[in-house]
Amino acid sequence: MEAEEFWLEYTDARGELHGGPLEVMWPTRFEAAGQVRAFPSYRGQRNFPGWYWAATCSELVGYESWVELGHLMRLDAEPDVAAVASQPLRLSWRYGGRGRRIKHTPDYFVRRRDGTAVVLDVRPDERIKPEDAAKFAATAAACPLVGWGYERLGVLDPVSVANLRWLSGYRHPRVRREPVADALLAVFSEPLGLLAGARAVGDPLAVLPVLYHLLWHHELTTELRTERLSAASLVRLVPAAVKEGGWDADASSAAVAG
């Protein structure tokens with residue numbers, strides 16, 4: 001399929017619907033667009049939709065399940081992510097000469113700080129039906145035609161999700177206190193236990209929120225993928241060379257340090 005075979009629709013900030021060929025519409029700032037599809041709500045609903053305040057862009061971003069929320073928190077914690085939008089575009093195409101167009105609304109549009117974009121679908125492996133797989137495959141074929149990346153994401157491991165949930169509570173800029181932050185960065189210039197480092201700076205009740213904030217923003221790092229955050233977690237300064245790598249890079253850095 002060629003780029004001109006895909007049709008793209010989006011809703012602007014005023015709620016007006018726009019549409020056109022993918023190769024014409026792709027430069028739109030979809031990270032600033034409205035949701036092109038509303039979240040369904042009905043009695044007996046088994047998923048849990050809601051809104052998450054993203055520190056990355058200081059905006060509310062929607063999610064339709066706990067699985068989506070986990071990935072939304074992970075994206076918000078990635079230093080190279082500039083903005084995330086929930087369901088801001090709809091793709092459609094004809095397949096096999098059919099007259100009816102097949103439509104698909106990806107879950108997220110991610111704008112990275114270097115200007116590149118990634119389109120994401122979030123669906124656990126066991127919940128992918130054949131028609132869903134076909135839509136994901138078509139979207140994966142469409143995105144590279146205009147220079148976008150594409151990923152279909154499954155369930156995050158429970159340890160990562162637990163750590164993300166905890167640290168996300170300290171993501172807001174108001175948590176950061178510069179004298180304390182500077183002292184923590186100095187203390188953890190060499191690997192040190194989380195609580196021991198906090199006590200070296202001052203009262204843990206006052207220091208720990210700032211420490212968690214620095215972990216969220218990847219100025220400090222510890223192993224977060226395979227171990228639950230604890231008082232004994234080995235914390236260290238993030239080397240400048242890997243600071244932009246995000247959650248996975250931080251974990252790798254901590255592993256090397258250990």
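A crossing of two helices is right-handed if the near helix is turned clockwise from the far one by less than a right angle, and left-handed if anticlockwise. Keep that in mind as you move through this predicted model.

**Stop 1: H5 and H7**

Select helix H5 (residues 178-187) together with helix H7 (residues 204-216); their axes come within 10 Å and cross at roughly 70°. Angles of 65 to 115 degrees count as roughly perpendicular, and H5 and H7 are therefore roughly perpendicular to each other. Which hand does the crossing of H5 and H7 have? It is right-handed. Now show side chains: H5 brings Val180, Ala181, Leu184 and Leu185 to the contact, and H7 brings Val207, Val210, Leu211 and Leu214. Colour the contact of H5 with H7 by class and you will find eight nonpolar residues, with no polar and no charged ones.

**Stop 2: H2 and H4**

For a crossing of the other hand, select H2 and helix H4 (residues 158-168). Their axes also come within 10 Å, crossing at roughly 60°, and this crossing is left-handed. On the H2 side, pick Trp66, Leu69, Gly70, Met73 and Arg74; on the H4 side, pick Val161, Leu164, Arg165 and Ser168. Here the class count is five nonpolar, two polar and two charged residues.

**Stop 3**

Zoom in on S5 and strand S8 (residues 108-112): they run antiparallel and are joined by five bridges. For one of these, pick Val81, whose bridge partner in S8 is Arg112.

**Stop 3: an aromatic pair**

The model has ten aromatic pairs. Select Phe30 and Phe109: their ring centres are 5.5 Å apart and their planes are at 65°, so the pair is edge-to-face. Phe30 is in the loop between helix H1 (22-25) and strand S3 (50-54), while Phe109 is in strand S8, so to speak a link between distant parts of the chain, 79 residues apart.

**Stop 4: the antiparallel sheet**

Now select S2, S1, S6 and S7, an open sheet of four strands in the order S2-S1-S6-S7 with antiparallel pairing. What is found at its edges? Strand S2 (17-21) and strand S7 (102-104) stand there, each with a single partner strand, so one side of each is left open, without a neighbour in the sheet. Neighbouring strands are turned by 20° against each other on average, direction ignored. Three bridges join strand S6 (residues 90-93) to S7, and you can pick out Ser92 opposite Lys103 in S7.

**Stop 5: the partners of S13**

Finish with strand S13 (residues 234-237), which pairs with strand S11 (residues 192-193) in the antiparallel sense over two bridges. Pick Gly193 and you will see it opposite Leu234 of S13. Strand S12 (residues 220-221) is also antiparallel to S13, joined by two bridges, with Thr221 opposite Arg236.

Definitions and conventions:
Residues are numbered from 1 along each chain as its sequence is written. This is a predicted model: local features need pLDDT of at least 70, side-chain atom pairs count only at pLDDT 80 or more; totals for chains, interfaces and linings use all residues. Side-chain values use heavy atoms; hydrogens and water are left out. Two strands pair if DSSP finds at least two bridges between them. Axes are lines fitted to C-alpha atoms, for helices over the stretch in contact, and angles run from 0 to 180 degrees between N-to-C directions. Angles under 35 degrees count as roughly parallel, over 145 as roughly antiparallel, 65 to 115 as roughly perpendicular and the rest as oblique. Contact means heavy atoms within 4.5 Å. Ala, Val, Leu, Ile, Met, Phe, Trp, Tyr, Cys and Pro count as nonpolar, Asp, Glu, Lys and Arg as charged, and the others, Gly among them, as polar. Rings of Phe, Tyr and Trp (its six-membered ring) pair if their centres lie within 6.5 Å; planes under 30 degrees apart count as stacked, over 60 as edge-to-face and the rest as tilted.
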